[in-house]
Every structure is written in structure tokens, then in C-alpha cells.
Amino acid sequence: MPDKEKKTGTNISRRSFLKGVGTGTVAATVAPSVLIGSEKETEAQAGDAVASATIQLNINGKPYQVEVEARTTLLTVLRDGMDTSGKNIDLTGAKLICDRGECGGCTVMVDGKTVYACMMLAMDAQDTQITTVEGLADGDDLHPIQEAFIQHDALMCGFCTPGFVVSSAALLSENTKPTLEEIKVGLSGNTCRCGTYPFIFDAVKSASKKM
Amino acid sequence: MASWGEASESRLIGKRIPRLSGRDKVTGKAKYTFDINRPGMLYGRILRSEVAHANVVGVDLSEAEALPGVKAVIQIVEVGNKIRYQGQEIAAVAAETDDIAKDAIRLIRVDVEELPYVVTEEDAMRENAPQIRDDWAGNQSNPNVREEGDINAGFEQAAVEVEATYHTPVQTHVCLETHGNVAEWEDEQNLTVWASTQGVFGVRDDLAGSFNLPVNQVRVITEHMGGGFGSKFGPGVEGRRVAELARITGRPVKLMLTRKAEHLVAGNRPSMTQHVRAGATSDGRIIAYDMKGHGTGGISSGAGFQAPYVYHVPNRRTERVNVAVNVGNQRAMRAPGHPQGAFAMDSLMDELAEKLGMNPLEFRRINDPSEVRQAQYTLGAQEIGWHRRNSVPGAGKGVKKRGIGVGSGQWGGGGGRGTQARVTINADGTVEAVTGTQDIGTGIRTAIAIIVAEEFGLAPTDITVKVGDSGPGLRSGGSGGSQTTPSVAPVIKTAAAAAKQKLFERIAPQLNAPVGDMRVGNRTIYVVSDRTKTIKWELATGQLGMESISEGGEWDEELRQDRVAGTQFAEVEVDTETGAISVIKIVAVQDCGLAINRLTTESQINGGVIMGLGQALLEERFMDAQTGRMLNANLEDYKVPGTFEIPEIKSIVFDTHRKVTGVGEPPCIPTLGAIANAVYNAIGVRIRSLPITPDKVLDALAAEKA
Ligand code: FES
Ligand code: FES
């Protein structure tokens with residue numbers, strides 16, 4: 001994403017700030033845009049009027065009417081959004097972990113393909129079918145990959161698990177018999193800090209036998 | 001004397017049992033703190049400093065306060081206060097949406113007068129470096145010197161000597177769920193907090209103190225938690241401030257740290273640099289060890305490390321200092337001080353062995369006082385195929401060269417008193433186990449169910465386990481130091497045994513048998529001397545009527561064991577053209593005591609190995625000396641292991657006795673040394689600074705050629 005420089009009420013640009021620091025004592029008036037630096041800067045200007053619209057999203061087979069701003073991501077809608085009747089959507093399975101398309105914690109399927117929901121604008125998800133981890137099971141019957149994750153203990157803290165489950169399900173829908181290398185490639189967009197990878201690989205292999 | 005019984009008698013304990021929270025976690029139903037959505041909830045954000053060292057001259061909140069949707073803005077630093085590192089908290093806001101909160105913190109104006117700073121140890125230790133701590137001359141703590149034996153006499157006996165400098169950089173925890181809380185005031189006197197924490201009672205007590213409330217008017221809940229690794233004790237600044245925001249606004253507020261803040265202020269593993277000179281006798285004994293080292297834990301202290309490590313060194317002198325830099329503070333991280341110490345020591349061991357012309361494993365056998373590890377060496381060497389290693393390091397043919405190495409570790413993990421628990425049997429046959437511990441991903445919830453189910457002849461899924469809530473007032477310690485299972489399991493076991501005893505007493509008249517003669521079978525209770533006398537579980541509990549049985553337990557030292565040993569072997573392949581290292585296989589032989597659940601124990605070992613691998617090959621916090629900022633406070637430039645880095649891992653649960661111990665930390669220790677030694681065995685050039693990245697490999701190979 002382009003890094004649009006913001007100058008909200010500042011009399012010092014980032015460049016002159018960077019030049020000024022690290023060279024001994026400098027008295028600098030540091031305005032907030034500089035202070036908060038690399039917080040996402042592509043967002044709407046603070047205080048700007050932000051355009052919003054009511055859109056329809058199809059999530060796990062159900063239609064939702066939601067009011068979103070142009071900058072609202074699909075992930076924000078799933079997790080924090082409200083439909084126009086005032087009900088929380090509350091699909092919190094997908095997680096925000098890195099906030100920049102690096103960890104796969106927010107993985108959902110859009111028209112059957114995995115996407116990072118933190119990187120997709122909600123408005124761009126109109127006219128698609130969105131499947132989240134909550135929508136994988138068929139009622140009480142878990143998807144084979146979910147069952148395999150449980151049996152193989154492919155989860156510890158479980159915070160990364162929804163992302164891995166969705167990515168694994170997508171991988172298996174495209175390749176029912178992946179090799180270990182193909183599993184590693186298929187899940188390379190997901191990160192787990194607890195180190196569940198070996199058992200995730202086992203789970204995918206074992207689920208693939210049932211596909 | 002209490003005991004866990006024989007393995008042959010165990011139906012559940014020691015078996016591989018899927019965790020109880022599995023279903024909720026794979027369906028997205030599991031609610032972490034980050035997922036809590038309370039009615040009317042606001043979103044909190046913190047404005048943090050981007051400068052490393054400054055005096056605060058002015059703070060103006062007015063524009064932020066005026067932004068529509070903003071409900072509260074609070075100032076955290078006062079004018080005249082000092083900022084001492086990037087990421088330090090300046091102000092906090094609560095707003096109707098997270099996006100508005102983000103906008104609002106941009107509208108806060110902060111004027112600072114920058115001060116000179118140092119963010120690397122080299123800079124901090126330079127002569128004429130800016131002094132950043134009034135109490136430490138030269139930015140260094142007083143040296144901590146320890147001596148044992150006679151070091152000069154030791155060196156006189158030495159046939160060979162090695163002198164080397166080993167370094168490990170700062171590593172950050174990278175909890176995937178960042179630190180954070182949701183705070184909600186029921187009224188002015190009652191606070192509920194959902195906390196991403198390793199210690200619900202620690203958070204409760206801290207908040208009660210901060211708000212001057214009796215402890216029983218603060219309730220802390222941690223149903224599920226997305227990783228802590230030592231960094232999540234206490235509410236932190238963010239926890240206290242979110243409670244304040246909730247109080248001011250009269251609404252629930254959620255405040256989770258950003259990924260960037262998580263790197264900057266939520267803790268890290270200190271760095272280590274040690275200069276060692278060590279000697280060994282011609283018959284292979286390390287005889288003298290002289291170490292001078294330092295590390296940084298940020299602006300605070302706490303940069304300790306183990307040196308020497310696990311092997312017996314009779315004559316030694318060690319000197320350590322902490323170096324202060326203008327960077328966020330360290331916190332305990334998975335086996336604090338051990339992995340870095342183990343890397344240095346295991347590298348040194350191999351270097352000494354080579355000088356002696358000895359097999360490094362033989363050299364370890366001579367110097368390792370642990371009988372457990374002696375047995376583990378044999379087992380691990382077989383598993384990895386130790387005989388396949390290059391007898392001449394680097395002698396392999398071709399561009400891609402393989403090597404094998406070994407490393408060792410030691411941990412406590414014996415648990416302690418301080419856990420209260422209740423096991424309740426209801427008349428309808430349902431069973432509940434309640435305690436104030438928290439399941440941070442280790443699987444303690446399932447371990448509790450297994451222990452109770454074993455005691456009652458039921459299945460783990462029959463047991464309702466309630467943990468992660470201070471509400472019931474059953475205290476337990478924080479989940480740190482690999483103490484959870486050895487602290488909690490004995491209490492659960494004795495509580496369940498007491499409840500069973502009570503149940504037996506109640507049904508003794510009906511079965512017409514002495515209590516001592518009664519046993520549980522599969523959902524039944526029977527009499528040993530007369531097998532015709534049995535009663536089904538639900539019928540037995542049906543006798544209880546309105547009086548459920550509810551028993552507490554006692555911690556029993558006999559049920560647990562302290563001190564665990566571990567050994568790991570690594571096989572790596574190094575591409576001598578690109579410098580890329582792939583770890584082919586790790587054999588982890590981990591002393592586990594009695595593994596209540598073998599499946600989750602294996603998960604713990606895998607996880608430890610993978611974190612150790614990250615530290616060995618990938619992870620490093622980069623500080624920019626020019627700007628005072630961290631350069632890789634994100635997940636693409638700060639690299640943690642992903643699928644491509646994962647080797648074949650053979651996790652061996654080395655359970656030689658029937659007493660429980662903790663294994664959360666120990667498996668991450670030996671990995672570093674094993675990998676570093678394997679890399680040396682592959683390429684014949686030693687890299688003494690972690691992480692061993694391709695550029696270091698290529699530099700080392702080039703230097704060797706030159
Ligand atoms: S949170 Fe979306 S990829 Fe990391
Ligand atoms: S299970 Fe904890 S991050 Fe993957």
C-alpha cells in the first residue's frame with residue numbers, strides 16, 4: 001500500500017524530523033503524525049468526513065446488510081460489524097494478527113479462494129460468497145479437516161487455528177492428495193507461534209485420506 | 001503416600017487424548033479476549049512515542065476530544081516527564097469504533113524536547129556515550145562476579161584452551177494475540193476484565209490495588225489465550241488504562257496492543273554477548289572457565305543468562321553486566337536465560353572437544369553430571385544416526401553439505417503450593433472441576449479432565465472443567481516457569497480422590513461393603529472382594545439427592561518432580577552457494593516425568609523446538625541507531641518460523657518416572673546449540689553469533705577461503 005504522508009497540524013515533515021534526530025540534543029516539536037509514525041497511514045485523514053454506504057455481504061450463506069466506510073476491511077465487518085438491524089455479526093473466528101497480509105490469521109474464503117480479510121475492503125466483497133471458519137462445518141458435522149485438527153492436536157493456544165483450518169480446507173478442495181511439500185506451500189501464508197506445524201501437516205495428510 | 005499409580009493401571013493418564021477445547025478452536029467458537037464483544041463496547045487505543053528519549057514539553061488532547069465518536073481521552077505522561085524508549089505510552093483514547101480511535105490518537109499533539117539516546121549495546125558501552133540512566137555509570141550495572149575453585153590452577157592443568165565470543169540478539173515473544181483487555185464496570189465498585197494473561201489472579205490483584213477495591217470486587221476472565229511465552233503477567237499500562245477508560249465512559253472498553261506495540265513494549269528476551277576462555281584436560285575434563293559477558297534488557301535490568309551451563313566446571317569465574325539502552329523492557333521469555341546460555345556452552349563444548357581430538361558426544365559424557373541426559377545421549381544419537389556425522393567437519397562433498405550436532409538443557413518445573421481447586425460430584429452424575437489456573441495453550445484444561453476422569457472411571461469429556469476465571473475465588477498461580485501442571489495436577493488429584501472417598505462412604509451401606517474395598521470401573525463402582533456387587537455411576541451419585549459432594553485438594557510434593565533434563569540432536573543441510581540452511585531433522589529427547597497427556601506433551605516439545613529453531617536461524621530485533629526506532633516491528637521483517645522452516649521433528653517423551661513435571665519451557669533450550677553445532681559440522685566454519693543467517697554463512701565461508 002502506498003505510504004501517503006500525513007501532516008495533521010504539523011510544522012515539521014517526516015524528512016526534517018529524521019534528519020534532526022540521532023545527532024545529539026535537538027529540540028524538536030514533534031507532531032502526532034510523526035510520533036505515531038507507522039500506524040497505518042493510508043487510512044482516511046483524521047477528522048475528514050468519511051464516505052459510508054450500506055452494502056450487502058453474503059457470509060456463510062446468509063445475507064447481511066451493513067453500513068461500512070470506504071476504508072472498512074472485510075475483517076472489521078466480520079468481527080466488529082453490525083447489520084442494519086443493530087445485531088452484531090460477531091464472526092470472530094478470523095483474527096487480526098499482523099494487520100498487513102503476512103500471517104494468515106484472518107484467512108477466509110471468497111468465492112472459494114482464500115483471501116486475507118485484513119487486506120480486502122468490505123465494499124470489494126459485495127456480490128461474492130464469503131465463507132469463514134464458522135461456516136465450514138455442516139451443522140454439528142465438522143469438516144474433515146476440523147476433525148483432523150482436533151485428533152492430531154494441530155492446535156495449542158489456537159489463535160492461529162481458524163486461519164490454518166480455512167487455508168487447509170481450501171488446499172484440500174483444490175488438491176485432495178497433497179504431498180508434504182504441497183502442504184507446506186499451501187499453508188505458507190499462515191503463521192503459528194506456538195509451533196503446531198508438525199501436527200498440522202499430519203492433520204492435513206490424514207484429512208486428505210478422507211476427502 | 002499419594003501416587004499416580006502404575007502405568008498398567010492407567011486408563012487415561014499418559015495416553016494421547018485430544019484437547020477438550022479442540023472443537024471450539026477449530027470452529028472459531030472459542031472466544032479470546034480479542035474476540036469479546038460487549039454491548040455498547042468502545043474501542044481503546046494508545047498513542048505511543050516514536051522517539052527513544054525525550055522530555056515531554058506539552059500535550060494537547062483537545063482536538064482528539066472534539067472528534068465525533070470519541071468518548072474519552074486520557075493523558076498518560078505528564079509535561080516534564082521523560083520518555084525513555086520508542087513505544088512508551090503517551091495518551092489513550094476510547095471511541096465508538098476502532099477506526100475513530102485510530103483517528104483520534106493522530107489528533108493528539110505532543111511536543112517533546114529530544115534527548116540523546118542509545119539503542120544498541122555497542123553504542124551504550126562506548127566511551128562518551130550519552131548517559132541514559134542516572135544510577136548506572138557508563139550505562140552499565142555493577143558487575144556481578146562469581147568465583148568457584150581456583151581458576152588459575154585450573155588453567156594450569158588444561159591441555160587445550162579455547163577463547164571465543166558468542167552472541168545472541170534480542171528476540172521478541174510475538175504472541176499472536178497481542179496483549180490486551182476488555183474492561184467493564186458493573187457499578188462503581190465492581191470491575192470485570194477479560195484479560196489476555198498468563199495469570200488471572202495477578203491481574204486481579206494488581207487492578208484491585210490500582211483502583212483501591214477489595215480483590216473480590218474485581219473479576220478477571222481468561223477463557224482462551226493466544227500465546228504469552230512469559231510476557232503476559234499483570235495488566236500492564238494498557239490494562240490499567242483500559243479500566244480507567246471504562247470507568248470514565250461508563251461503558252465496556254476493549255484495548256488490544258497493535259502488532260507494532262507488541263514488539264516494542266510487550267517484552268523481549270535480552271541479548272547476550274559472552275567472551276569465554278576455557279580449558280580442558282587431556283583426558284577430556286573441562287577444568288577452567290572464565291567468562292565476561294553482558295546483555296541488554298532495555299532500559300531496565302534483567303539480562304541474565306546461564307554460564308557455564310549444565311556441564312560440571314570445577315574452576316570458574318564469571319562476570320556479568322546489564323547494559324541499558326533506550327528500548328522497551330525485557331520480560332521473562334520461555335526459559336529465561338537458558339537458550340542463549342545453552343547455545344554458547346554447547347558451542348564451546350564442541351570447540352574444546354575438537355581441540356582435544358575427541359568426539360563431542362564423548363566429551364559431553366565425561367562432563368555431564370546428569371544421569372538422565374547420559375541415557376538421552378544414547379537414545380538421541382541412535383535416533384539421529386550420530387555415526388553419520390562428518391568426522392572431519394565440512395568434509396562433505398558437493399554444494400549442499402550436511403552436518404549433525406547436539407545440544408543440552410536443564411529446567412526446574414516442579415511446581416509449588418498455592419493452587420486451590422474443587423471437584424464436585426452432582427446427583428445427576430455430572431462432575432465439575434474448578435480452579436483459578438488458566439489454559440494458555442498448554443492443555444491444562446484437558447489434563448485436569450483426564451485426572452478427574454481417571455479417578456472416577458469416566459471419560460475426560462464427562463468432566464466440566466472451569467479455569468481462567470478469578471470469580472470462584474479459587475486461587476492458582478500464574479502460568480510461568482513450567483509450573484502449571486506440577487502445581488495444579490496434584491491438587492486436582494487429591495481433590496478428586498477426596499470426592500471419590502466421600503462418594504464411597506455414601507454408598508457403602510447400600511453396597512454393604514467397606515470403603516477400602518471399593519473401586520471405580522468403567523462408569524461403575526464395584527467391590528473388589530465380591531465382584532457381583534456393582535453400582536452404575538449415575539445410580540451411585542443419585543444417592544446424593546440435594547447434597548452434592550464438593551471437595552478441595554492439597555498440593556502433594558510426592559506427586560511431582562523438579563528438574564528436568566533434555567537433549568537434542570539436529571541434522572542440517574547448508575547450501576554453500578546461497579548460504580541457506582535447512583534443518584532436516586531434530587530429535588528432541590525430553591525428560592517429561594509423568595506426561596498426563598502424551599499428545600499435548602508432544603505438542604509442547606514440537607513447539608519448543610520450533611521456537612528454538614527461530615532463535616537459531618531467524619529471529620533478531622533490529623534497532624536503528626540513527627532514529628532510535630525498531631526497524632522490524634512487524635511480522636514480515638521480524639521472521640518467525642513458517643511452514644518452510646519446519647524440519648522433521650522426532651519428539652521423544654522421555655518418561656522415566658511417575659511424577660508430574662512441567663515441560664513448557666525446557667524443549668526450546670537445546671535446539672540452538674544442536675543447530676549451531678550441526679552447521680559447523682556441515683561447513684567446517686563456526687558461526688558464533690545467532691541467528692545463523694545466509695549472509696553469515698557466506699561471510700564465514702569466504703573468510704575461511706581467504
Ligand atoms: S491479520 Fe491478515 S494476514 Fe495477518
Ligand atoms: S496455536 Fe498458538 S499461535 Fe498457533
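I'll start with B:Ser482, which is buried at 11% relative accessibility. Keep in mind that this is a predicted model. B:Ser482 is not a glycine, yet its phi is positive, at about 55 degrees. In chain B, the residue sits in the loop between strand S21 (463–466) and helix H13 (484–511).

There is another case of this kind. B:Val174 also has a positive phi without being a glycine, with a value near 55 degrees. Its place is the loop of chain B that runs between strand S9 (171–172) and strand S10 (180–187). B:Val174 counts as buried, at 3% relative accessibility. As background, most residues other than glycine have a negative phi, and most peptide bonds are trans.

One joins B:Ala307 and B:Pro308, with omega about -5 degrees. B:Pro308 belongs to the loop between strand S16 (286–296) and strand S17 (315–323) of chain B. Another cis bond links B:Leu690 to B:Pro691, and there omega is about -10 degrees. B:Pro691 is in the loop between helix H16 (670–683) and helix H17 (694–705) of chain B.

Next, a helix pair. In chain B, the axes of helix H9 (residues 338–356) and helix H10 (residues 360–367) come within 9 Å and cross at roughly 110 degrees. An angle from 65 to 115 degrees counts as roughly perpendicular, so H9(B) is roughly perpendicular to H10(B). By class, their contact has 6 nonpolar, 1 polar and 3 charged residues. On the H9(B) side these include B:Asp346, B:Met349 and B:Leu352, and on the H10(B) side B:Phe363 and B:Arg364 are among them.

Now the cores. The largest nonpolar core has 151 residues, and A:Phe149 and B:Ile675 have the most contacts inside it. H9(B) gives the most to this core, with 9 residues. Another core lies apart from it, with 50 residues, including B:Leu511 and B:Ile549.

What is A:Phe149 in contact with, leaving aside its neighbours within four places in sequence? The list includes A:Leu155, A:Phe164, A:Val165 and A:Ile200, and also B:Val26 from chain B.

Chain A itself has 7 helices and 6 strands, in the order α-β-α-β-β-α-β-β-β-α-α-α-α along the sequence. Of its 211 residues, 53% count as buried. Among contacts in chain A with a separation of 6 or more, 53% are between residues 24 or more positions apart.

Last, the cysteines. A search of the whole structure finds 0 disulfides over all chains. A:Cys118 is buried, with a relative accessible area of 5%, and A:Cys157 counts as buried at 5% relative accessibility.

Methods
Residues are numbered from 1 along each chain as its sequence is written. Chains are lettered from A and ligands numbered from 1 in the order in which they are written. This is a predicted model: local features need pLDDT of at least 70, side-chain atom pairs count only at pLDDT 80 or more; totals for chains, interfaces and linings use all residues. Side-chain values use heavy atoms; hydrogens and water are left out. Axes are lines fitted to C-alpha atoms, for helices over the stretch in contact, and angles run from 0 to 180 degrees between N-to-C directions. Helices (H or I, at least four residues) and strands (E, at least two) are DSSP runs, numbered from the N terminus. Angles under 35 degrees count as roughly parallel, over 145 as roughly antiparallel, 65 to 115 as roughly perpendicular and the rest as oblique. Contact means heavy atoms within 4.5 Å. Ala, Val, Leu, Ile, Met, Phe, Trp, Tyr, Cys and Pro count as nonpolar, Asp, Glu, Lys and Arg as charged, and the others, Gly among them, as polar. A disulfide is a pair of cysteine sulfur atoms within 2.5 Å. Buried means under 20% relative accessible area, exposed over 50%, partly exposed in between (1.4 Å probe, protein chains only). A nonpolar core is a set of buried Ala, Val, Leu, Ile, Met, Phe, Trp, Tyr and Cys residues joined through side-chain atoms within 4.5 Å.
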